[in-house]
Amino acid sequence: MPEPKIGANMTSLVRDLINTVRGVGDTSHSVDAHMQAVLEQLAELHGQAVENLTAAQARLQPSPADAVSALLRAQGRSASPEALLPGVKSEDRSIPAAGATLRARVYTPAGHGPFPLVVYFHGGGWVIADLDTYDAGARGLSEAAGAVVVSVDYRRAPEHAFPTAWNDAIAAYDWVAANAGALNGDAGRIALAGESAGGNLAVATAIAARNRGANKAVAVIAVYPIAQTGNMATQSYDDSASAKPLNRAMIGWFLDKLVTTPLDKADTRLDLINADLVGLPPVTIINAEIDPLRSDGEMLETALKEAGVAVTRKVYMGVTHEFFGMAAVVPKAQEAVRFAGEQLQRIFAGAVQRDAVQSGAQPRARLSPKDPAGAKLKVLGYAAKHSFSDLKPFEFERDAARADEIVIDVLFCGVCHSDIHQIKNEWGNTIYPCVPGHEVVGRVTDVGSAVTRHAPGDLVGVGCMIDSCRQCEPCLAGDENYCEGPNSWLATYNGPMIPAAKAPGGINMYDRDNSFGGYSSVLVVQEDFALKIPGNLRPELAAPILCAGVTTYSPLKHWGVKPGDHVGILGFGGLGDMAAKLALAMGAVVTLFTTSKEKIADAARLGANAVLETDREALQALRGKFDFMLSTVPQKHDINPFIPLLKRDKTICIVGALEPMVGVNNQAVAFHRKNVAGSLIGSLQETQEVLDFCAQHDIGPDIELIDIEQINEAVKRAIDAEVRFRSVINMASIKPNDPAATVEDAAIFVTE
Ligand SMILES: [Zn+2]
Ligand SMILES: [Zn+2]
């Protein structure tokens, strides 16, 4: 561990601090030299320990901001906020709240508005501190984010106990939204920010705004937020128990003043880590290393991640609580303010982009109002709660159909290899609980008021997608499966293909982070994303066509397979089976390449040739023979032995493995101008085409029908062996009053 950088004039305060932080196990914190100078200055102001004072006395004690001012004067610099940040103008205003008028300070950056808006809440444990104490953090944020920042002086305890401050925060937020124009701000781009107790208020206000659905915040900056108060023995409470300028005793003292009953601490406005965080805008958490609240930030980060919220957290080393407002003298504070500003600028820019997407000319209606408003449907499903757990009964709610959506009673759902990858988080992107299933066939039971394509009683299918941006070039060209919108397409389960955390500006244009798929009794889907099941196609056979079928049909069609063409298919599992049947029905001469001798007879029964992949002589004899090859092998494999089998200019397309592959020998590719390609599922139109094509040619997958109780066995079988048949769940087997649905893993969960 590096030694702390200790100046010659080390005060007892700094020594205490260092002893404290070094005293616990191996967690030794090295204090930043600039930070140390502020702490020394603060010690010289001879404040008394707040926890021994009344609230009124405590408010008169020297603050870290006073120490910064003293330090600036000692350095011969101006301590005036305007002199330090000449680009930002400030003006005090009044905000009406229930039973009070709140003071507020409005910071406006240089330039022409309208600017994005930030509603900012200061720290001080809900008991001490005010607009002046926290002027520097709010002012700095205005410059760094290029935003109008409104710092709110909410009412403090003990005069105004919990939850007055939270109500004031919401009132202030609403006032800013209502007066955006007068503030030279843009009501469509409002973020929340705060430090310490104010960091808590920022997150709690974002939750309140989400709950109401109107004027939702686009981002939250939580600087060392208080995320919970039930556990004051976290790692950081322990290793920074006596740190300055904030310690465990002070926080205990704040809470004594704040809460009326111990039950208040369990209120999710205070206990953020147990609040419903789903659907919050991107949250940026900034922590200081030497701070009892550091672990609160970590817990909040975890809770947000588990709720599918885009969250970024940075811990600044060697600095303490309150450092964020010390940019004038602590370079790490400058860094942190700049970082917060960049986060906001990125998200504000994304909000502009999202508005453009949502207000642009739309070929098809989307996100139309719900009818009936707010109604929920109870749904039975099977979910994985973790990557290591089996699928278990799971009760949840779906929003009732919006105007352009339909309600489907699920009859059958295929078990796709993707479901297994996703359950086990093999692509590293699974959001739990995970209700898989994207080969869904069901009957329409209800339709929204604007639905034109479907009627109750219709048999419909839903594949991998339930929405797309509808604006990008691929979407407009009918290639929804290659949507280039900010979140790409919305998957039937697991949410957008590009989640908010990876989207430009952290946006989520679908307003939902997790979607629950077809291993469930009821699905609600936008009508354009439901396909017609032809009357002469058995519904249980139609299910796998919605993914396995279209995944193989789309490339066969795209590369123009026609009668008489020679088509080679690698892998003879579920995808290979469908590919062979479709290519044969298209009139092609089909050769299957398999690793299993037993499957040669199966191929012959289909009317296809079959070759063992290990049979070098047979491969040699097929050189230059194929017009198109399709690899359906579901994991990383070597296609090099097959490239020589293609004719000049022809293509081998990989659809099974969505992962890095064994390297390709480009000599074999280049010499005869061959192509190595990939393809992902298919468009809505292709999905309808393949359903119709299968009905017309009387083809379909080989399936085994299972009850939902057998799902975990079916998953194991699919992993253990390359099964050619597809398991299809007969969803009638999911029982409304299944006593298993009350096992500990079952829960009520709202999808949006
Ligand atoms: Zn699939
Ligand atoms: Zn798109």
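Reply: Donors are N, O and S atoms within 2.8 Å of the metal. This is a predicted model.

Me: Which residues coordinate the zinc ion (ligand 2)?

Reply: The SG atoms of Cys 469, Cys 472, Cys 475 and Cys 483 coordinate the zinc ion (ligand 2), at 2.2 to 2.4 Å. Along the chain, these donors follow the spacing C-x2-C-x2-C-x7-C. Cys 469 and Cys 475 are buried.

Me: What is the geometry of this site?

Reply: Ideal angles for four tetrahedral donors are 109.5 degrees. Here the angles among the four donor atoms run from 102 to 121°, and the site of the zinc ion (ligand 2) is tetrahedral.

Me: In what order do the eight strands of the open sheet lie?

Reply: The order is E1-E2-E4-E3-E5-E6-E7-E8, with mixed pairing. Strand E1 (89-97) and strand E8 (311-320) stand at the edges; each has a single partner strand, so one side of each is left without a neighbour in the sheet. On average, neighbouring strands of this sheet are turned by 20° against each other, direction ignored.

Me: How many bridges join E1 to strand E2?

Reply: Nine bridges join E1 to strand E2 (residues 100-108), and the two run antiparallel. Ile 95 stands opposite Leu 102 in E2.

Me: Which strands does helix H6 touch?

Reply: Helix H6 (residues 135-145) packs on the sheet and touches E1, E2, E3, E4 and E5; its direction makes about 45° with that of E2. Helix H8 (residues 197-212) also packs on the sheet, touching E3, E5 and E6, and its direction makes about 140° with that of E5.

Technical notes. Residues numbered from 1 in each chain as written. Chains lettered and ligands numbered in written order. Predicted model: local features only at pLDDT ≥ 70, side-chain atom pairs only at ≥ 80, totals over all residues. Heavy atoms only, no water. Donors = N, O, S within 2.8 Å, 3.2 Å for Na, K, Ca; no water. Tetrahedral: all angles 85-135°; square planar, octahedral: opposite > 155°, others 65-115°. Buried < 20%, exposed > 50% of the residue type's maximum accessible area, 1.4 Å probe, protein only. Pairing = 2+ DSSP bridges. Helix = DSSP H or I, 4+ residues; strand = E, 2+ residues; numbered from the N terminus. Axes fitted to C-alpha atoms, helices over the stretch in contact; angles between N-to-C directions. Contact = heavy atoms within 4.5 Å.
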